[in-house]
Amino acid sequence: MTKVTILKKHNQIVQVECDGHTNYGAYGEDIVCASLSSVVQTAVLGLLSVANIDIELERDDARGYIKFTIPENLEGEQKLITNAILNTMLCGISDLHEGFSDYIDLEVK
């Protein structure tokens, strides 16, 4: 199971952590794990390339771990873009969780 923890501050996502593989299918054929990874990694790419922010990023692919933290000093358009990317990511994760709650544990706090 993948544990997804999303931390919010002032109703904005400030940290995302995903830990573990979903174990929905065999390694290399796990469509749930691949879907979740794609949603989260696309958000990371958007933050780096579209919002142009320098996130704090940790990852361990073998373990199925990724954690990123958003800088606190965002303002204006950069903050709006970041919030749009992260809220879209949360929609995708929530949808996957709804369909595959035996394999994805989602906690938003």
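Two strands pair if DSSP finds at least two bridges between them; strands (E, at least two residues) are DSSP runs, as are helices (H or I, at least four residues), and both are numbered from the N terminus. In S2, glutamate 17 is the bridge partner of threonine 5. The model is predicted, so local features need pLDDT of at least 70 and side-chain atom pairs count only at pLDDT 80 or more, whereas totals for chains, interfaces and linings use all residues. Residues are numbered from 1 along each chain as its sequence is written, and side-chain values use heavy atoms, with hydrogens and water left out. The points below cover strand pairing, salt bridges and accessibility.

**Strand pairing**

- Strand S2 (residues 12-19) pairs with S1 in the antiparallel sense, over seven bridges.
- Two residues lie between S1 and S2 in the hairpin that they form, and histidine 10 in the turn has a positive phi of about 55°.
- S2 is also joined to strand S4 (residues 65-69) by five bridges, and these two strands run antiparallel.
- Within S4, isoleucine 66 is the bridge partner of cysteine 18.
- In a regular strand, side chains alternate between the two faces of the sheet.

**Salt bridges**

- Four salt bridges are found in a search of the whole structure, the criterion being a side-chain nitrogen of Lys or Arg within 4 Å of a carboxyl oxygen of Asp or Glu.
- One of them joins lysine 3 to aspartate 105, with the closest N and O atoms 3.4 Å apart.
- Because lysine 3 lies in strand S1 (residues 2-9) and aspartate 105 in strand S5 (residues 104-108), this pair ties together parts that are 102 residues apart in sequence.
- Lysine 3 also forms a salt bridge with glutamate 107, where the closest N and O atoms are 2.9 Å apart.
- That pair likewise links distant parts of the chain, with glutamate 107 in strand S5 and lysine 3 in strand S1, 104 residues apart.
- Arginine 59 and aspartate 61 form a further salt bridge, their closest N and O atoms being 3.1 Å apart.

**Accessibility of the charged residues**

- Relative accessible area is classed as buried under 20%, exposed over 50% and partly exposed in between (1.4 Å probe, protein chains only).
- Lysine 3 is partly exposed at 33%, as are aspartate 105 at 29% and glutamate 107 at 32%.
- Arginine 59 counts as partly exposed at 45% relative accessibility, whereas aspartate 61, at 53%, counts as exposed.
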